[in-house]
Amino acid sequence: MTLQECYAAIGGDYEEVLGRLRSERLIQKFVLKFLNDPSYSLLVETMAAQQYDEAFRAAHTIKGVCQNLAFTTLYQSSSALSEALRNGFTPEAPALARQVGADYQMTADAIRAYQEGLG
Amino acid sequence: MANEQTRRQKILIADDSEMNRSILADMLEDEFDIVEAENGLEAVSILQKHADEISLVLLDIVMPEMDGFEVLMVMNQRQWIDDVPVIMISAETRSSQIERAYKLGITDFISRPFDALIVHRRVVNTILLYAKQKKLVGLVEEQIYEKERHSNLMIEVLSHIVEFRNGESGMHVRNVRTLTELLLRQLVQKNNRYQLSPMDISIIGTASALHDIGKIAIDEAILNKPGKFTDEEFAIMKTHTTIGAKMLDEMVIYRDEPLVRAAHDICRWHHERYDGRGYPDGLAGDAIPISAQVVAVADVYDALTSERCYKKAIPHEQAIMMILESKCGVFNPELMECLIATADVIQDVAHNIKPEEVSRRNIQSITQEMLSHEELTASERTLELLEHERMKYNFFAALTQEIQFEYTLSPAMLTLSSWGANRLKLGEIVMDPLHNENVLSILDEKNLKSMTAALHSTSPKKPVVTHDCRVCLDGEKRWFRIIARATWSSEEPPRYTGCIGKAMDVHDSRMKLTALEQLASHDPLTGLLNHAYARQRITERLAELPNCHYAMVIFDLDHFKSANDTYGHIFGDQVLKHVANCLQSSIRTGDIAARAGGDEFLLFLEYDTDLESIIQRIFHALCGQYEDFPISISMGIARTQIVGTVYENLFHAADQALYTVKRSGRGQYKFYNDTMKQMLSVISPIDGSQEDDTHSAQEGADYK
């Protein structure tokens with residue numbers, strides 16, 4: 001799988017990120033690094049513990065990272081979630097969190113597949 | 001500046017996401033040194049230590065511990081924002097937030113997702129801009145200095161012409177200027193009735209050189225007349241004020257320049273008197289411009305202390321006295337206070353200073369004023385010195401094994417030396433430490449409160465507080481000595497702003513001391529107090545509360561010698577220990593129990609009414625059996641009610657009571673009464689009489 005194909009699977013915008021970061025090496029480095037970023041597990045933990053201010057920060061961080069890497073799909077759902085949590089819990093937050101979970105799984109799966117391809 | 005090219009600039013990246021930090025670091029690390037902070041608190045801590053090394057901060061808004069806005073607020077409070085540019089990077093899109101960030105002094109705002117090229121370009125531009133500004137500050141300073149120097153030179157030439165005609169030394173103009181500036185600075189410091197900026201003072205100083213310019217039009221024969229003026233001559237002489245003013249007034253193009261205006265006022269009115277009896281206009285009080293008032297004082301002082309064609313030089317002290325006593329004119333009382341306050345400095349500088357030095361010194365403050373930059377812009381050299389100082393400080397701090405700290409009230413923040421932070425297992429920066437759980441688990445609230453209270457009640461003159469307390473480290477309580485110096489603001493009245501200080505672990509030495517004290521004050525066998533120490537404690541107690549009821553009890557073991565003889569000395573020691581334990585457990589904490597020597601014990605206690613039952617209880621607690629040895633006690637008791645509160649008398653009386661018991665068959669207790677007065681002593685003599693000595697030895701043979 002190429003990096004472009006990985007982006008397609010993720011629902012990301014490869015052209016956009018290449019335009020900003022300007023180096024395939026750099027993009028690859030950070031895409032792989034994404035798997036180790038603790039923000040998602042932090043989000044899951046804090047949502048479960050109903051610590052919504054922490055959950056807001058975690059969602060906000062995911063949003064920022066996705067924005068930088070142009071992971072459009074996950075960016076959109078995490079962005080919606082962070083807005084829903086900005087001032088504490090809102091009724092739509094749990095559904096949005098589930099959407100972030102699904103998008104995260106899809107993103108992480110595609111990156112792992114890409115990583116295996118690299119050998 | 002050469003240094004700047006070789007030394008790489010440092011950028012601080014503050015963002016809670018490691019991913020985001022490393023994306024930014026990746027873009028910049030080829031050209032810059034990168035320092036990372038994962039929350040606002042860490043960013044502040046890095047700035048606290050290295051603010052003058054950091055060339056730029058890339059700051060995220062949403063962060064744990066302390067967010068980006070709070071970081072900016074601290075940067076404003078500490079005035080770091082003046083020298084360290086901040087670029088905010090955030091996914092934040094709401095304009096209110098962005099505006100707030102700009103208001104807090106950020107230089108630029110980059111929104112996510114960011115473009116590598118733009119981040120790089122903006123960082124470089126901002127750093128260049130700041131470097132350029134620093135350089136420009138230096139340049140402006142240089143240029144102003146040059147310009148000042150030239151115009152000063154022109155003015156000096158001009159005023160020298162006047163002096164030359166006047167046959168004066170050429171120093172008069174310089175001295176007047178120096179004194180004028182000194183007095184003005186003092187006046188401004190004293191109160192704010194006169195709104196004079198450093199620039200105004202400099203202008204008045206320069207203009208003062210022209211105060212006698214009108215003398216150019218006065219006939220030389222009058223100017224240099226050694227004797228007293230005739231009325232007519234004096235009238236002509238007086239015109240130098242109006243002539244000087246007129247000359248300046250006629251410079252149509254420049255007459256509204258501040259310098260020319262000041263020179264005009266000075267020329268015309270430097271011979272006015274505060275009481276209105278001067279010339280040419282007879283102005284009184286504050287109607288005379290302050291510039292002319294000050295120059296008048298300076299002029300008179302220098303005239304008095306210099307030699308003139310009509311007089312000799314007068315010593316400094318005498319000149320000051322003459323001015324204060326209004327022998328050479330009447331001046332503004334406030335100016336007289338300034339004269340007194342600066343008298344010593346005036347004496348030092350009046351005939352020594354080079355005017356270039358004065359103006360060099362003034363330039364800096366003027367430039368600062370122009371740039372309306374609140375703090376002195378640190379030059380490269382200052383930065384190096386600071387860096388050196390900090391290195392020294394850190395090195396020595398690490399060597400001393402002390403916890404060094406700084407506490408500021410606003411923001412409520414505790415900064416610890418790195419060694420100290422390690423030792424306490426705290427961060428180097430702790431926000432709101434008085435309510436921080438970790439801090440409170442180390443030093444309890446009571447101690448924190450009493451320290452805070454002590455620091456608050458210090459004064460700028462006596463700001464140091466020493467506090468010994470127990471600190472909890474790794475679950476162990478250890479004694480620490482905290483020495484802190486309160487910091488007070490320089491305003492009036494001074495405000496408490498926090499403290500600096502250090503905490504030293506004095507546990508081991510304190511324990512050693514306690515052990516030594518214990519050794520010196522206690523009997524090693526029984527753990528009771530020794531006789532000497534008990535005596536000291538009892539004497540203290542008697543002096544403290546002489547009106548209470550006390551009893552002194554002395555007892556010994558009957559037939560103790562036989563225990564030693566039959567069972568050996570080790571057994572004898574065990575018996576003594578046993579009795580000491582029985583005694584310890586039958587008395588109250590306030591009572592004083594001691595081993596008086598051999599098998600004699602001493603007890604001192606306070607009682608309310610029923611002494612007898614207390615004694616009975618103790619007596620029975622002591623009697624009994626230790627293994628096969630039956631313990632029998634003889635006990636004498638003396639009461640302060642009967643004997644008084646002198647230790648020696650009490651002891652002697654109890655001893656006599658004990659002796660009475662010994663005489664009448666042992667195994668009981670007796671209270672001292674007057675019939676026992678003539679009794680001999682059991683225990684070694686108190687009054688040192690031969691008789692007692694003999695007796696004591698005899699009686700002692702029975703049980704020692």
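Predicted model: local features only at pLDDT ≥ 70, side-chain atom pairs only at ≥ 80, totals over all residues.
1. Residues are numbered from 1 along each chain as its sequence is written, and chains are lettered from A and ligands numbered from 1 in the order in which they are written.

2. Chain A has seven helices and zero strands; helices are DSSP runs of H or I with at least four residues, strands are runs of E with at least two, and both are numbered from the N terminus. Of the 119 residues in chain A, 42% are buried (20 or more other C-beta atoms within 10 Å of the residue's own; exposed means 12 or fewer, partly exposed in between, with C-beta atoms placed from the backbone). Among contacts in chain A with a separation of 6 or more, 53% are between residues 24 or more positions apart; a contact requires C-beta atoms, placed from the backbone, to lie within 7 Å.

3. At the interface, 18 residues of chain A are in contact with 16 residues of chain B. On the chain A side, helix 2 (14–21), helix 3 (24–34) and helix 5 (52–69) each supply at least two residues. Helix 5 of chain A gives the largest share, eight residues. The chain A side divides into six nonpolar, six polar and six charged residues (Ala, Val, Leu, Ile, Met, Phe, Trp, Tyr, Cys and Pro count as nonpolar, Asp, Glu, Lys and Arg as charged, the others, Gly among them, as polar).

4. Chain B contains an open sheet of six strands in the order 8-7-6-11-10-9, with antiparallel pairing; two strands pair if DSSP finds at least two bridges between them. Strand 8 (429–431) and strand 9 (464–473) of chain B are the edge strands, each pairing on one side only. Strand 6 (residues 403–408) and strand 7 (residues 413–416) of chain B are joined over four bridges, and Phe405(B) has Leu416(B) in strand 7 as its bridge partner.

5. Helix 13 (residues 316–324) of chain B has Ala319(B), Ile320(B) and Ile323(B) buried. Seen down the helix axis, the buried residues of helix 13 of chain B fall within an arc of 100°, so they line one face (the arc is that of the directions from the axis to the C-beta atoms). The face turned away carries the exposed residues Glu317(B), Gln318(B) and Met321(B). Ser326(B), with a positive phi near 60°, follows helix 13 of chain B.

Note on methods. Contact = placed C-beta atoms within 7 Å.
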